[in-house]
Amino acid sequence: MALAIRVILLNLLVIFGVLSQKITAQQQVQMHKKRGIRACKFDKIYQLGDSISDTGNCIRDSFCGAHSSCSKLPYGMNYFHKPTGRCSNGLLMIDFIDTGIWSSSPKSLQGSKCKLYTWCKFCSSRATALSAQVLAKKKIAMSITNSSLSVQLDWMASHFKTTCSPDCPAQLKRSLFLVGHIGGNEINFGLSQGKTMEELRRMVPNIVQTIIHGVKRVIGFGATRILVPGNFPKGCGPAFLMQFMTNNSAAYDEYHCLKDLNNLAIFYNDHLQQAIDEMKKEYPNITLIYGDYYNAYMWLLQNAVSLGLDKNSLQKACCGIGGDYNYDKSKKCGAPGVSVCAPLVLTSVGMDSI
């Protein structure tokens, strides 16, 4: 998923939770800007995940990069003015977390160079929590990367072995770790490959336990402050709105999102939150927080007009062509002849398909 206004989603998260005060949308955003996250005094950020967080790892992998549309314009057009591997018109949420802590300019880095900076990411676009082997047994095909969560954790382990071992716990105690966003692509791939809702629901406990196992590995490295994000609403993006389009008005909620798909995301998030709550009991000295991306996104839809977004384009892809949702799976963002909306940042929620 590539959101064109990730800064607003970040501002909805007061560090790691959605604001609930009864004030206007603009007041909420401004209040969080003033409070910021600098007070947490993180000295480094480490992130695992998928395209929500990938600042360039995928395009530096020969196979993944060759098949990723995020390696070319219009991705990156509004900030870097060139593609960096971010599946966005400009920046990602992690970029805004970075600038919120250190007021530094977002960077594009790779490989061993990450040890020179205050953050290091092991994410890869279209990555999954479950391994390619597990997904193959469930008859779900991977697409452009095999960089599942376990692979990313192995990268992280190798990094720490050369940068902080044997003193990692002491050196990482003021670091922020983000385990995700990850676990959504399994559902995306399953939906696009014809899996039923019930089949996908049966996968959720396996996905969640894989993520929890990943969190435990991160704690083993020395992490003490960890954010584990949940899934976004699945029924609000143009790809699935096109795929599951129906004349039955009861299938849609008040924001024209598909209820069944959003309920699937809620089901997943409930399982993840429950698992995190259980982990808190097991690790009382670890700060372990669930990142509520679902309700942050819904807040965005609820307050879209006051934030300057076009209420008639909320479910449309900014970069796309065709149909009610400006999306054609055979002519995706970056393909010849596919247009980009303008002004990009101010009017659209989604950059591309999901």
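1. R126 is found in the loop between β4 (119-121) and α5 (132-137). The model under review is a predicted one. The backbone of R126 deserves attention: its phi is positive, at about 65 degrees, although R126 is not a glycine. With a relative accessible area of 33%, R126 is partly exposed, since that value lies between the limits of 20% for buried and 50% for exposed.

2. K139 also carries a positive phi, of about 60 degrees, and is not a glycine. The residue lies in the loop between α5 and α6. K139 is exposed, because its relative accessible area is 66% and the limit for that class is over 50%.

3. The largest pocket has a volume of about 840 Å³. Of its 36 lining residues, those closest to the centre are R126, Y327, K332, S353 and I354. Which elements give two or more residues to the lining of the largest pocket? They are α8 (185-192), α10 (238-243) and β8 (319-320). By residue class, the lining divides into 17 nonpolar, 13 polar and six charged residues.

4. Five disulfides are found in a search of the whole structure. One of them links C58 and C64, with the sulfur atoms 1.9 Å apart. The torsion about this S-S bond is about -95 degrees, so the disulfide of C58 and C64 is left-handed. Both cysteines, C58 and C64, are buried.

5. A further disulfide joins C164 to C168, with an S to S distance of 1.9 Å. Is the disulfide of C164 and C168 left-handed or right-handed? The torsion about the S-S bond is about 90 degrees, so this disulfide is right-handed. C164 and C168 are both buried.

6. C319 and C333 are likewise joined by a disulfide, at 2.1 Å from S to S. This link is right-handed, with 95 degrees about the S-S bond. The pair connects distant parts of the chain: C319 belongs to strand β8, C333 to the loop between β8 and β9 (339-340), and the two are 14 residues apart. C319 and C333 are both buried. Strand β8, which holds C319, is also among the elements that give two or more residues to the lining of the largest pocket.

7. A cis peptide bond joins S165 and P166, with omega about 5 degrees. P166 is found in the loop between α6 and α7 (168-171). Where is H181, which a cis peptide bond joins to G180, found? H181 is found in the loop between β5 (175-179) and α8. For the bond of G180 and H181, omega is about 15 degrees. Helix α8, at one end of that loop, is one of the elements that give two or more residues to the lining of the largest pocket.

8. The last point concerns T84, placed in the loop between α3 (62-67) and α4 (93-102). Is T84 buried or exposed? T84 counts as buried, because its relative accessibility is 6% and the limit for that class is under 20%. The side chain of T84 makes a polar contact with the side chain of R86, at 3.0 Å.

Notes
Residues are numbered from 1 along each chain as its sequence is written. This is a predicted model: local features need pLDDT of at least 70, side-chain atom pairs count only at pLDDT 80 or more; totals for chains, interfaces and linings use all residues. Side-chain values use heavy atoms; hydrogens and water are left out. On a 1 Å grid over the protein atoms alone, a cavity is a set of points where a 1.4 Å probe fits but cannot get out, and a pocket is an open set with protein on both sides within 12 Å along at least five of seven lines; lining residues have an atom within 4 Å of a point. Grid points are joined across faces, edges and corners, and a volume is the space filled by probe spheres set on the points. Helices (H or I, at least four residues) and strands (E, at least two) are DSSP runs, numbered from the N terminus. Ala, Val, Leu, Ile, Met, Phe, Trp, Tyr, Cys and Pro count as nonpolar, Asp, Glu, Lys and Arg as charged, and the others, Gly among them, as polar. Buried means under 20% relative accessible area, exposed over 50%, partly exposed in between (1.4 Å probe, protein chains only). A polar contact is a pair of N or O atoms within 3.5 Å; within protein, one must be able to donate a hydrogen and the other to accept it, and residues adjacent in sequence count only if both atoms are side-chain atoms. A disulfide is a pair of cysteine sulfur atoms within 2.5 Å.
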